[in-house]
Amino acid sequence: MDFNDTPEQAKFRKTCRDWLEKNAQLKDSSPSESNFANKDIIKEAKAWQKKKYDAGWAMLHWPKEYGGIGASPIERIIWANEESKFNVPKGIFEIGLGMCGPVMMQYASEEQKERYLPPMAEGKEIWCQLFSEPSAGSDVAGLRSKAVQDGDKWIINGQKVWTSGAHFSDYGILVVRHDPNLEKHKGLTFFFVDMKSPGIEVKPIKQITGGSSFNEVYFTDVEIPDSQRLGEIGDGWKVAITTLMNERLAVGDADGCDVEDAFKWAKTQDNQGEPLLNDKAARESIADWYCEASGLKNTKLRTMSALSKGDTPGPEASITKIVSAGKLQDIGNFGIDSMDMTGMLKTDDPDIRRFQNAWLGAPGLRIAGGTDEILRNIIAERVLGLPQDPRADKGVAYKDIPSGKS
Amino acid sequence: MNLDFSDDQKFLQEEARKFLEKENALSRNRSVLENNANVDVELWNKIVELGWTGIRIPEEYSGLGLGHLELCVIAEELGRFLAPVPFSSSVYLFTEAIINYANDDIKKEILPKLVSGEVIGTLAVAEDLQAPTAENITLQSDNNILNGKKIAVPDAEIATHAIVVAKTSSGISLQLVDLNAEGVKIEKQENIDESRGYFSILFENSPSKLIGDETGGWDLYEALMNQAAVLFGYEQIGGSQAALDMAINYSKERYAFGRQIGSFQAIKHKLADMYIALTLAKSNCYYAAWALSTNSADLPSASATARVSATKAYQLCSKENIQTHGGNGFTWEYDCHMFYRRSKLLSLNIGSLSNWREKLVTSLEQSNIN
């Protein structure tokens, strides 16, 4: 066991570090707050992405012809690890690059890959993912947006929801139902779509945080050329699964506050004449959060060790989002409660704001990219090998599946 | 970056697993439990023959001269099979104390005999029904003569020697005692995991040898606990994994309402939570194993982190394994209760969960995380 880079890895890390030092600011101790809906953030994020692209860092693990440098998985992690130490704009390209990119790489034609992947990597064009619908969240294959073939094009009608970043995206990947007479999973087909197409209307959703990073997207007689179909007709679910696998990796850790913030806060916050950190219950909570945070960090190190040796990592990383989202919610709650009846008040104190934002934002994180419950099902079925639930919709044509009020 | 065991260490672990499987360590545990035998002497002798008691003992004292990482992989397997042997008392506590703190004469006398099995050791600390502290130790050592009583000492009957935490005129010291010496009286104490024996030891003018110095014994004891927490942590994750495996298997075999119970989300989510707790504990144990093997300055926080998460994982996995088995899980016949008992024994043997949480936060205050 050791935590040292191999000589090649150390050399690569230094190359990353040197470039980052020349082109970005190291993070100071104050946490940056990113705002998805802020247009300036988009401009800054695009500029940063372009800078990285020109130097080969944008999608370094992609092949050269699409704008990468063909880096290995461990080199990708080393880059991400170094980049995370710098204050750079985040939250704009993750979905496009993390989910849409891989699916285009696997299913698009050579010509399309050459056309779309480099501008995606460069940050010139932003992509979003159009999966969830008002009646299809955890059961995303239950979606009902319709695609009807008309010669060499398809006509799309329906509504998507919870679409992150749709309001500033140029393209989207889309799964729709081409045949409601088939079973649920079999009647789906996958496309990519120009978000500027006539008939697409994007309406931001105001979330409980007050922000709007998600949208409703309405499709009214939207035309998509058949050439923009990804996979065969009826293969939509298979293609979607590729994307969802990547989504879990892309969502990953909860940003916001962690045990260090709770610890620092408890050292200075007064609790009946003593620092809160002297309180037994506070100490036990901090101990437990520290164990969870370390457990996730060390789990990542185990994953990296496997990649570093050229092995396939085990399923350990599947626990990340469940643990970190729940922890975020509890830590936010801890910070707010520590102010007793004044915890309700909005103030200028950035620490207090952070606890309140964590508490308000965490419920979304426990749902996005697979709810806590769906992720537990996935761990149980795919990691522990437990049998699937018997399903009321198995072997039934989609149109005959009970769907309740809608 | 390599937070993983080496191929040699993995091979050693594989061999240990095969050995304990072949020896039916789990059914041996049941038979010790049912016959009030306190220990399986035959299994212990085989373990001594394999050289496991000498893993960390330097070659100059006839040991194997290997590191803590080798001990960790063995610990995980002993934990998985609930091996009813005094390995934790004799190896993680007693042997480590001798290696770390004893003078050369004592090392020459004791270490080769720990390898050969002539000496088996344990550690005697507690005196009352509460957590021992530097302040509440009353067993007296005057010029290496001991008077007083220790309770809840594991494995004292098969042990030939003990390290005793004793009060001197100037502080706390660690004393090495030959348990066959005069004035030593050992009595069985019934406990809630009878697959491992607990005993009281009464010392009346019993001769002892000083380990370390007359005053700094409590710090040595604490440092020993920081090491031992990692090794106990490995036994705990081994046991957690076994309990989770049992629950998985049962939930696939058992049918209710016309389907495997493992197809119900109530069971899936329970088992997923066990997996999550175990994965966190395992990753923390890996890091602590690294800290232990390199004597890192991080050891106090790393070992407390491993200990807290391993204790939580084993308690969760062992109790929810019973729950998954329903009424069968509550019977003596099913093995579930043996894991439940052992999880409690291991979680208390070197101090409770709440004590280790406190140690963790104290170590964070000292290292000032931010």
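Modeller: B:N295 sits in the loop that joins α8 and α9 of chain B. The model is a predicted one, so the angle that follows is a computed value. The phi of B:N295 is positive, about 50°, although the residue is not a glycine. Is B:N295 buried or exposed? B:N295 counts as exposed because it has 10 C-beta neighbours inside 10 Å, and a residue is called exposed at 12 or fewer.

In total, 40 residues of chain B are in contact with 40 residues of chain A. Which elements of chain B each supply at least two residues of the side that touches chain A? They are α7 (217–253), β10 (259–260), α8 (265–293), α9 (299–324) and α12 (353–367). The largest share, 17 residues, comes from α8(B). By class, this side of chain B is made up of 19 nonpolar, 15 polar and six charged residues.

Next come the domains of chain B. The chain is divided into domain 1 (7–116), domain 2 (121–215) and domain 3 (218–367). Between domain 2 of chain B and domain 3 of chain B, the C-alpha centres are 28 Å apart. Contact between these two domains involves 11 residues of domain 2 of chain B and 12 residues of domain 3 of chain B. The side of domain 2 of chain B that touches domain 3 of chain B holds seven nonpolar, two polar and two charged residues.

The UniProt record also marks regions in chain B. An unreviewed entry there lists "domain: Acyl-CoA dehydrogenase/oxidase C-terminal" for residues 216–348 of chain B. In the model, that span is 82% helix and 3% strand, with its end C-alpha atoms 24 Å apart. The feature "domain: Acyl-CoA dehydrogenase/oxidase N-terminal", also from an unreviewed UniProt entry, is placed at residues 6–118 of chain B. Residues 6–118 of chain B are 69% helix and 0% strand, and the end C-alpha atoms of this stretch lie 31 Å apart.

Taken as a whole, chain B has 12 helices and 10 strands. Of its 370 residues, 55% are buried. Among the contacts in chain B with a separation of 6 or more, 75% join residues 24 or more positions apart. Along the principal axes, the C-alpha atoms of chain B fill a box of roughly 70 × 50 × 40 Å. The radius of gyration of chain B is 20 Å, which agrees with a compact globule, because a globule with 370 residues would have a value near 21 Å. As for confidence, the mean pLDDT of chain B is 96, and 99% of its residues reach 70 or more. The scores of the model are ipTM 0.96 and pTM 0.94.

The partner chain can be described in the same terms. Chain A is assigned domain 1 (7–92), domain 2 (128–249) and domain 3 (252–383). The C-alpha centres of domain 1 of chain A and domain 3 of chain A are 25 Å apart. Five residues of domain 1 of chain A are in contact with five residues of domain 3 of chain A. On the domain 1 side of that contact in chain A, four residues are nonpolar, one is polar and none is charged. For residues 128–222 of chain A, UniProt gives the feature "domain: Acyl-CoA oxidase/dehydrogenase middle" in an unreviewed entry. That span of chain A is 0% helix and 48% strand, and its end C-alpha atoms lie 17 Å apart.

A:E21 is in helix α1 (residues 7–23) of chain A. With 12 C-beta neighbours inside 10 Å, A:E21 counts as exposed. A:E21 and A:F86 are 65 residues apart in sequence, yet 8.5 Å apart in space from C-alpha to C-alpha.

Notes: Residues are numbered from 1 along each chain as its sequence is written. Chains are lettered from A and ligands numbered from 1 in the order in which they are written. This is a predicted model: local features need pLDDT of at least 70, side-chain atom pairs count only at pLDDT 80 or more; totals for chains, interfaces and linings use all residues. pLDDT is the predictor's confidence in each residue, from 0 to 100. Domain bounds come from an automatic or database domain assignment. Two residues are in contact if their C-beta atoms, placed from the backbone, lie within 7 Å. Ala, Val, Leu, Ile, Met, Phe, Trp, Tyr, Cys and Pro count as nonpolar, Asp, Glu, Lys and Arg as charged, and the others, Gly among them, as polar. UniProt positions are given in the numbering used here, feature names are shortened, and annotations may be inferred rather than shown by experiment. Helices (H or I, at least four residues) and strands (E, at least two) are DSSP runs, numbered from the N terminus. A residue is buried if 20 or more other C-beta atoms lie within 10 Å of its own, exposed if 12 or fewer, and partly exposed in between; C-beta atoms are placed from the backbone. The radius of gyration is taken over C-alpha atoms; the globule rule is 2.2 Å times the number of residues to the power 0.38.
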